[in-house]
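Please look through the model below with the following notes beside you; they take up a few places in turn and are meant for someone meeting this structure for the first time.

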Amino acid sequence: MNKFCLAPENGLAIFPNGRISPCCAYDDVEDEMPKHPKDLMSYLNNPALKNVIHKQQTQNQHPGCSKCISKEQFSKTSQRQLFNKYAPFSPGIKHLDLSLSNLCNLKCRMCNSFLSTSWQKDDQLLGRPVHKRRDFSMDWLIQNQAHLQNLETIEMKGGEPFMHGEYLKFLQAFESQLPNISLRITTNGTTIPVWINELKKFKQVRISVSFEGTDEIYQYIRGGKYSFQDFENNFKTLLKMFQDSPHVEFKPMFTFQIYNIWNFSLAWQWATQFKNQFQDQIVLERFTNIVFKPTYLNPQLIPHSLRLEIIRELEPLDHTNLINYISLMISPDIENNQKLFDEFKTFTKTLDQSRNENLTTVEPRFQRLFDAIF
Ligand code: SF4
């Protein structure tokens, strides 16, 4: 398998803990990549990065690149393949992946405090590592702007990027470059920043709005702070703000997990109503993300009989990714795993008590799942 990758030379990913690496898929298993380097040149010249480049050029697998290798083994598109679209090689950072802070107003059940400050209390309760709030300095990026003149794409993630006031500084400093850059931003869609109109200055924008369900299940998964109605109202406001900007598109993104196994149809119907209304501004390709970690929230965990029932419910849907989705659902990888299922039950019960919620009240069909004998 070809190991060549342009990410180490053309990519830059920044994480809330200050770590910098070639891309968001790179796994710093040996903890070698610099945290908060003095400047961009010291990162580009550091031996850990040079080692990644050397390994790839000599067709050796670097342990940090295992996610790409395993994705490709399963015929899925890897970050490596996405980066290699920049071939033939020319120097300079072309893609910037920004997760500048773990500040977030939600505590979605599949998340943790590394990505959301609202998770700190529950992480402590569950005996997991508790991550403090961390912010990467926007000034660092602005000071290194001279080395970021070749940018073609930017990806903004979180925490919740719409809560990050410092993006205004970044957008103002890079204003003259924005018409040459395509932006992708992922938001939970519950808040609208003061800098929202600045996004219109980019060449092209895709706003991915994540949601995990409709009605009560939405509120249950997302930690109870906002109702589904609040979310929908905000989503409609965002759509109206950009209705005269055809270069800005919205992508509702459903994060499929064990808690919303009965909610997929409703979520799909909810998204398609906007497609009918806003046509080209709504993207429904790759509507579904699947939670693989934590493994005890992976929807593949459910028993076989229930799985077939859910697949039957989904068959009438006009969903382009349905075939892939169903094949994932029938993959028996982790089916009948009693240990994982016990972890799911303990996790659910502990959070329900702490958050004063009850899964079987929100969706009574879960009682059948709890009663299931593997
Ligand atoms: S092979 Fe994958 S993980 Fe490694 S640097 Fe390239 S894109 Fe990143």
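1. Gln-279 is exposed, because 9 other C-beta atoms lie within 10 Å (20 or more such neighbours make a residue buried, 12 or fewer exposed, and anything in between partly exposed, with C-beta atoms placed from the backbone). Although Gln-279 is not a glycine, its phi is positive, at about 45°, and its place is in the loop between helix H11 (264-278) and strand S8 (288-290). This is a predicted model, in which local features need pLDDT of at least 70 and side-chain atom pairs count only at pLDDT 80 or more, while totals for chains, interfaces and linings use all residues. Residues are numbered from 1 along each chain as its sequence is written.

2. Asn-356, in the loop between helix H14 (338-355) and helix H15 (359-362), is another residue other than glycine with a positive phi, here near 55°. Asn-356 is exposed, since 7 other C-beta atoms lie within 10 Å.

3. The protein chain as a whole comes to 16 helices and 8 strands (DSSP runs numbered from the N terminus, helices being H or I of at least four residues and strands E of at least two). Its radius of gyration, taken over C-alpha atoms, is 21 Å, close to the 21 Å of the globule rule for 374 residues, so the chain is as compact as a globular protein of that length; the rule is 2.2 Å times the number of residues to the power 0.38. The C-alpha trace spans about 60 × 50 × 40 Å along its principal axes, and 35% of the 374 residues count as buried.

4. Around the ligand there are 15 residues, of which Cys-5, Cys-23, Cys-65, Cys-68 and Gln-79 are the closest (C-beta atom, placed from the backbone, within 6 Å). Helix H1 (7-10), helix H4 (66-73) and helix H5 (79-83) each give two or more residues to this shell, and the largest share, 3 residues, comes from H5.

5. In helix H3 (residues 47-57) the buried residues are Leu-49, Val-52 and Gln-56, and what covers them includes H1 and helix H2 (40-44). The face of H3 turned away from that buried side carries the exposed residues Pro-47, Lys-50 and Gln-57. Just after H3, Gln-59 takes a positive phi of about 60°.

6. Two cis peptide bonds deserve a look. One joins Gly-158 and Gly-159, with omega about 5°, and Gly-159 sits in the loop between strand S4 (153-156) and helix H8 (167-173). Another runs from Lys-293 to Pro-294, with omega near 0°, where Pro-294 belongs to the loop between S8 and helix H12 (304-314).

Conventions:
Two residues are in contact if their C-beta atoms, placed from the backbone, lie within 7 Å.
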